[in-house]
Amino acid sequence: KQWYQRRVRGSLGGLLTLMFRRPVRSMSLVFVYGTLKKGFPNGYLLDGVEYVGTGKLVDKYPLVIGSRFNIPFVLPVKGVGHHIEGEVYSVNAEQLAILDKLEGYPDFYNKFSLPVTLDSSKTVSCSAYVLDRFKDDLLNKPMFSEFSEDQASAYLCPADRPKDSGTSFRSDVMDYSK
């Protein structure tokens, strides 16, 4: 919360300065490249959220599809892969918490601040969910510039996964020693 001031006329005609606190809703820019995009399996989580536009990561990174549930992952290996295409949203803290839960942050994905060039040619800094503790063999998988609708059709949403799978699929892609 921040302090604000307002000047008002007092009952005797003098100016009074009132100090008050007003909650500030800070907004964050988030770059989504996979199942959170419009029309994709988890895109409904961003319904009603401010859409900023489409863009590409300034630097090249690997975008791979892994795990038994065909999940897209950006790996933090700068200079390898493609300038990944995605969407940018402006989210508040409550909306960000919903995304964090879906992405398993910070236990599964981590958030990296990455520069994104919007279609308007403006470059902005965005948070992106990145798999930083990945198994090295993920770098041998095909790398993509975008997660397509065809690829999304093979993705298995959390609600559709076997009830006993829990987070065990993480061992498909994570290296816990990192």
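Okay, ground rules before anything else. Residues are numbered from 1 along each chain as its sequence is written, and since this is a predicted model, local features need pLDDT of at least 70 and side-chain atom pairs count only at pLDDT 80 or more, while totals for chains, interfaces and linings use all residues. Side-chain values use heavy atoms, with hydrogens and water left out.

So, how confident is the predictor? The chain averages a pLDDT of 89, and 86% of the residues score at least 70; pLDDT, for the record, is the predictor's confidence in each residue, from 0 to 100. Over residues 1-6 the pLDDT is below 50, though that stretch still has 23 contacts in the model beyond near neighbours in sequence. Residues 17-22 also have a pLDDT below 50, and there the corresponding count is 21 contacts. By contact I mean heavy atoms within 4.5 Å.

On to the fold. Two helices and nine strands make up the secondary structure of the chain. These are DSSP runs, numbered from the N terminus: helices are H or I with at least four residues, strands are E with at least two. If you read along the sequence, you get β-β-β-β-β-β-β-α-β-β-α. Of the contacts in the chain with a separation of 6 or more, 66% are between residues 24 or more positions apart.

Of the 178 residues, 38% count as buried. Buried means under 20% relative accessible area, exposed means over 50%, and partly exposed is in between, with a 1.4 Å probe and protein chains only.

Now the backbone. Most residues other than glycine have a negative phi, and most peptide bonds are trans. Which peptide bond is cis here? The one from Tyr 105 to Pro 106, with omega near 5°. Pro 106 sits in the loop between α1 (93-103) and β8 (110-118), and Pro 106 is partly exposed because its relative accessible area is 48%. Its C-alpha atom is separated by 9.5 Å from that of Tyr 129, 23 residues apart along the chain.

Then there are two positive phi values to look at. Asn 70 has a phi of about 55° although it is not a glycine, and it lies in the loop between β5 (63-66) and β6 (71-74). With 27% relative accessibility, Asn 70 counts as partly exposed. Ser 121 has a phi near 80° and lies in the loop between β8 and β9 (123-130). Is Ser 121 buried or exposed? Exposed, because its relative accessible area is 59%.

Of the 25 residues that line it, the closest to its centre are Leu 102, Glu 103, Tyr 155, Pro 158 and Arg 161. As for method, on a 1 Å grid over the protein atoms alone, a pocket is an open set of points with protein on both sides within 12 Å along at least five of seven lines, and lining residues have an atom within 4 Å of a point.

α1 gives the most, with three residues. By type, the lining divides into 14 nonpolar, seven polar and four charged residues. Ala, Val, Leu, Ile, Met, Phe, Trp, Tyr, Cys and Pro count as nonpolar, Asp, Glu, Lys and Arg as charged, and the others, Gly among them, as polar.

Last stop, back to the loop between β5 and β6, where Ser 67 is found. Ser 67 counts as buried, at 16% relative accessibility. Leaving out residues up to four places away in sequence, Ser 67 touches Phe 73, Phe 169, Asp 172 and Val 173. Arg 68 is in that loop too, but Arg 68 is partly exposed at 45%. With the sequence cut-off of four places again, Arg 68 touches Ser 168, Phe 169, Ser 171 and Asp 172.

Technical notes:
1 Å grid on protein atoms, 1.4 Å probe; cavity = no way out; pocket = protein on both sides within 12 Å on 5 of 7 lines; lining within 4 Å.
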